[in-house]
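Me: Could you take a close look at one part of this structure for me? I'd like a single connected walk through it.

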Amino acid sequence: MKRTLGVFLPPALVLVGLTLCCILLGNQTARFRASVENIAEDVRVSLIDMDGKVVYDSSGQDLPNHSDRAEFEAVLNDGKARSVVRESETLHMAMFYHARRVGNYVLRIAVPYQAVTDAKIYAQRGLLAAIGIGALIVLALFFFTRRYEQRLARLAAERDLKDKLLAEMRKLESFRRDFIANVSHEVKTPVTGILGAVEILADGSSALDAHDREDLQKVLKDQSVRLNALVEDILALARLEKAESNHAAEFVPCNLADIVQTAVNLALPQAAKAGVNLVFSLNSGLKPQTFTRPCDSRLIESAVSNLIQNALRYSGSKDIEVKLESAPDGKAVISVCDHGIGIPTDCQPRLFERFYRVDKDRSRTLGGTGLGLAIVKHIAQLHGGEVTVTSTPGNGSVFTLSL
């Protein structure tokens with residue numbers, strides 16, 4: 001209701017005002033015309049000689065001597081034209097007199113003063129009405145122009161929003177198709193391995209020796225672990241996205257130095273088995289308490305572990321260093337540095353996409369689900385931070401998590 005009034009009330013008021021002004025203008029114009037006509041009818045013209053005797057008068061009356069009239073005396077004194085307003089001695093009403101010397105005579109024009117005053121008033125009122133009409137027309141044009149501009153702006157905004165939503169829907173649809181295709185492809189490999197091993201065990205169980213059975217059991221175990229890891233990573237990613245969209249994460253003050261140290265300690269056995277020297281270094285001169293931040297310690301530990309696992313699996317480096325430093329802007333910076341094979345420049349922008357792999361065959365051989373770095377990215381975003389990578393092929397890589 002309020003919106004309807006807001007739309008229709010202003011133009012309605014302008015229309016009413018315009019109508020009233022037009023009526024007033026028409027009325028005052030008619031009155032002004034009538035006043036002018038009355039003036040023309042009531043104008044009296046007199047010709048007076050130098051002695052004040054009325055030689056001619058348009059009214060046809062025989063008038064007395066006018067030598068004592070103010071306008072006559074003024075013209076006789078200096079010869080200049082005079083205009084005065086005074087009471088007529090014959091008509092007993094206010095008159096407007098204009099006197100001018102013409103040769104040996106004085107020409108005098110007399111007009112009822114009230115008729116002149118009325119005409120002036122009507123003219124002023126008509127002018128005010130015309131000004132009001134012009135102002136209201138300008139106001140109406142301004143209002144309708146603004147309304148038109150606002151409507152155009154609203155339609156443009158709606159169109160942009162629709163285009164944006166359409167683009168987002170297309171993007172989501174493309175993402176959904178790609179995600180389903182990737183998940184299907186990733187699931188197919190372990191499921192195929194499991195089904196193959198199960199069929200061999202079921203069909204040729206009598207012909208298999210202990211060594212064959214052990215190999216098949218290992219295949220079953222490895223592929224089951226791989227499938228379980230994929231499912232867990234997909235669920236973890238879904239939980240992170242839900243937490244991001246709902247802002248549902250609950251953070252408590254945590255010591256990042258302790259979290260990073262825990263992640264490094266968990267990875268030490270795997271590093272030792274691979275012959276990799278894994279070390280953790282803290283920014284010199286800073287106490288561990290400096291790195292207390294509100295966060296989810298489990299998620300931060302998972303992010304750091306994913307970065308370390310990524311370096312252990314794919315870098316080929318024998319030395320991996322995990323650093324915890326304080327940036328000039330007050331953020332805590334966790335870096336995982338290696339001196340391995342590096343990452344091609346054209347691949348770096350896509351590293352944090354789901355299921356993206358620089359070397360697909362090598363990645364599947366070494367294990368991993370292709371979701372680790374995507375999980376790290378969402379954990380960083382959930383904590384208001386970011387994860388980046390700098391790498392030079394042949395000179396190693398540095399993954400940086402800023403919180």
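Reply: Let's settle one word: buried means under 20% relative accessible area, exposed over 50%, and partly exposed is in between (1.4 Å probe, protein chains only). This is a predicted model, so local features need pLDDT of at least 70 and side-chain atom pairs count only at pLDDT 80 or more, while totals for chains, interfaces and linings use all residues. Residues are numbered from 1 along each chain as its sequence is written, and side-chain values use heavy atoms, with hydrogens and water left out.

Now for helix α8, residues 372-382 (helices are DSSP runs of H or I, at least four residues, and strands are runs of E, at least two, numbered from the N terminus). In α8, 9 of the 11 residues are buried, so the rest of the structure largely encloses it. The buried ones are Gly-372, Leu-373, Ala-374, Ile-375, Val-376, His-378, Ile-379, Ala-380 and Leu-382. After α8 comes Gly-384, with a positive phi near 75 degrees.

What does α8 lie across? That's β11 and β12, at about 135 degrees to β11; contact means heavy atoms within 4.5 Å, and axes are lines fitted to C-alpha atoms, for helices over the stretch in contact, with angles from 0 to 180 degrees between N-to-C directions.

β11 and β12 (397-402) run antiparallel, joined by 6 bridges; two strands pair if DSSP finds at least two bridges between them. Val-387, for instance, has Leu-401 in β12 as its bridge partner.

Both strands belong to an open, mixed sheet of 5, ordered β7-β9-β10-β12-β11. Its edges are β7 (277-282) and β11 (386-391), each pairing on one side only.
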